[in-house]
Amino acid sequence: MAVALSLPSPPASTHRRTPYPARHPPRPPRAALIEARPVSASETDVGSGRGQYAIQLAAEMQTPTAVSSRPLAPLSVIRKDRAEDMQAEARAMARAANATVYDPQLLAAKYAAQPLKVLSRTLEIFTALGTFALKLVADQRRGQLDQRKRQRAAELTKTFTRLGPTFVKIGQGLSTRPDVCPPEYLEELSELQDALPTFPNEEAFACIERELGTPLESIYSAISADPIAAASLGQVYKAQLKYSGQVVAVKVQRPGIEEAIGLDFYLLRGLGFLINKYVDIITSDVVALIDEFAKRVYQELNYVQEGQNARRFKKFYADKEYVLVPDIYWDYTSTKVLTMDWVNGVKLSEQETIEKQGLKLLDLVNIGVQCSLRQLLEYGFFHADPHPGNLLATPEGKLAFIDFGMMSETPEDARSAIIGHVVHMVNRDYDAMARDYYVLDFLAPDVDVSPIVPALRNFFDDALNSTVSELNFKTIVDGLGNVLYQYPFNVPAYYALILRSLTVLEGLALYADPNFKVLAASYPYFAKRLLTDPNPYLRDALIDLLFKDGRFRWNRLENLLVQGRKDRDFTTKDALQPVLKLLLGPDGEELRVLVVKEAVRVTEAIALGSMIDAYDSMPEFMKGLVSNGNASGPFKLNDGEQTQMLELRDTVFRIWGLLRSSDNFDPSLLQPILQVLEEPTARNLGGRVFGGITQRLAARLLQQVLRSASTAVPQ
């Protein structure tokens with residue numbers, strides 16, 4: 001039977017945070033605190049199932065209208081709230097002072113002294129997975145592999161569940177890969193996201209009281225009779241805070257979790273040493289990758305750290321109308337208990353339910369892709385575990401993040417290098433791609449990249465298939481791995497988590513559209529960053545992309561603008577400023593020479609192109625007068641030269657049209673350009689351009705005169 005929580009409307013309150021009451025009221029019977037009853041149709045949230053995470057936010061958070069209609073709190077109240085919140089966070093941090101952290105040396109010392117326990121766990125893992133593998137082999141030999149998919153998928157889910165949280169994490173990753181697992185496996189493994197077996201309420205409630213140091217009745221006016229969801233590391237209850245009536249989520253950690261994952265990571269680390277020593281095909285440091293993953297999982301065990309992650313994440317997205325991040329209640333949070341706002345939403349894997357609300361799953365996935373790109377490449381702080389149990393679609397169409405245990409960071413230099421690398425890949429600049437691996441720490445500085453370039457070209461010329469719309473992230477990653485394993489590459493640990501994050505997102509998208517391409521959807525963001533970011537690495541990458549052999553590649557600029565304009569944060573003003581600063585800076589002389597040369601060529605193309613258009617629009621009798629009887633007209637250009645000139649002019653006009661048609665285009669954005677042109681460097685540049693144009697047109701005119709004179713001389 002479904003259980004529900006009868007929650008009264010929260011009372012009006014100016015302050016969201018208050019410390020614990022100094023004196024607790026008499027403890028009521030627990031039956032009065034916990035209420036269970038059937039859910040009526042009117043109370044049922046959209047969707048169904050224990051794993052749905054459907055909780056109503058506080059009244060003031062339901063709609064933007066409700067928020068905007070409230071009078072603003074006085075500054076003194078805001079400061080008081082902020083001070084109380086900081087004090088509450090400090091108290092939570094004090095409760096988490098002795099939180100366990102990942103220490104491979106301590107684990108090695110601990111389990112080296114327990115050989116029987118290590119042997120027992122090793123046999124348990126090999127027996128469970130080996131038995132499952134033998135069943136698959138038997139099914140294949142009997143020709144029953146397809147008929148028994150559902151049965152075997154359910155068995156694998158149960159096997160991962162029995163083996164504990166480490167293998168649940170593996171199952172969660174597989175549950176988002178429709179290009180790896182059959183549908184039957186996806187459906188069964190999705191149970192690992194938030195519908196795992198629960199542990200007894202008595203243990204959970206005792207943990208809350210022990211961690212927070214106060215009776216349950218002093219914290220909540222009501223709490224659900226059973227967990228609403230259960231995941232790998234804990235289970236979640238729906239509750240109402242006693243002091244404010246706020247409806248919250250209360251996550252409680254599973255008992256004995258540290259012991260379970262500690263032994264598994266000890267075994268995995270031992271396996272990593274064997275792989276490093278005996279498996280030559282894998283050039284990365286497997287032990288380092290395992291250590292990085294273990295470090296993140298151990299951080300998930302510290303719920304105060306998760307709360308701080310959520311706060312940091314919320315700060316980044318506070319101004320984004322399409323992302324929702326719940327707030328943390330520090331006075332009710334400790335190492336093993338986390339209390340936060342609970343969101344009314346549906347898992348992204350429930351496509352049918354989402355679309356019944358008038359929402360589109362692909363729109364939400366695109367929000368997730370763009371959000372992840374900003375996490376990775378702007379803030380450098382990203383969600384490393386975006387499986388469907390952690391991402392919800394709200395009825396308003398927002399994407400809600402509700403779990404912040406596994407986060408990671410991207411080094412600053414790597415952020416720019418990743419952007420440049422993707423742009424180089426799309427534009428088939430394989431020499432630049434190979435050099436990117438130095439900045440990404442894939443290669444040591446003394447490694448020669450020249451042999452890598454042909455291998456990259458051979459693979460990507462086929463994989464890219466002429467258009468960015470054909471890019472598939474998994475195909476690219478798998479193919480790139482096959483190419484690079486021949487060389488001394490080392491994949492940094494942070495990059496492995498980036499790959500995990502993006503492959504999970506692509507797996508979500510493939511639920512809705514088997515042809516969805518994460519890299520194609522993300523390329524507008526990369527193009528926008530390349531056009532607008534003043535970062536020196538990206539400015540150099542832009543110059544390398546646009547200039548080749550002393551010529552400007554206008555088609556590349558047009559493609560970048562076409563793609564960049566698809567990004568919702570693209571502005572034409574931002575696209576102009578970094579280029580101007582670079583052009584007129586003290587180190588821009590080499591670029592100025594190229595720009596002067598290209599400006600002369602473009603001006604000539606526009607001028608002569610306009611003259612050609614004017615000539616073509618004349619009546620025939622006027623053409624004869626102007627051309628003096630010359631069938632080719634007055635300009636004496638060969639067909640190839642004239643075609644190139646007209647194509648150049650048309651491309652430049654299209655680019656200007658792209659800029660002008662931008663939603664945020666404003667002619668006033670040209671004002672900074674005029675201000676820059678008043679500087680001495682700019683006036684000198686303008687004089688050089690004008691001089692070059694004058695010389696070019698004079699030379700062209702003289703050439704025309706000499707050709708006309710030569711045709712007038714009798715032969």
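These legends describe close-up views of a predicted model. Residues are numbered from 1 along each chain as its sequence is written, local features need pLDDT of at least 70, side-chain atom pairs count only at pLDDT 80 or more, and totals for chains, interfaces and linings use all residues. Side-chain values use heavy atoms, leaving out hydrogens and water.

View 1. Strand E5 covers residues 247-253; helices (H or I, at least four residues) and strands (E, at least two) are DSSP runs, numbered from the N terminus. Seven of the seven residues of E5 are buried, so the strand is largely enclosed by the rest of the structure. Buried means under 20% relative accessible area, exposed over 50%, and partly exposed in between, with a 1.4 Å probe and protein chains only. In a regular strand, side chains alternate between the two faces of the sheet. Val248, Val250 and Val252 point one way from E5, and Val247, Ala249, Lys251 and Gln253 point the other way.

View 2. Strand E4 (residues 234-241) pairs with E5 in the antiparallel sense over seven bridges; two strands pair if DSSP finds at least two bridges between them. Gln235 has Val252 of E5 as its bridge partner. Five residues lie between the two strands of this hairpin, and Gly245 in the turn has a positive phi of about 80°.

**View 3. The pairing of E5 with E7.** Strand E7 (residues 337-341) and E5 are antiparallel, with five bridges. Val250 has Thr339 of E7 as its bridge partner.

**View 4. Two cysteines.** Cys207 counts as buried because its relative accessibility is 4%. Cys371 also counts as buried, at 1% relative accessibility. The whole structure has zero disulfides, a disulfide being a pair of cysteine sulfur atoms within 2.5 Å.
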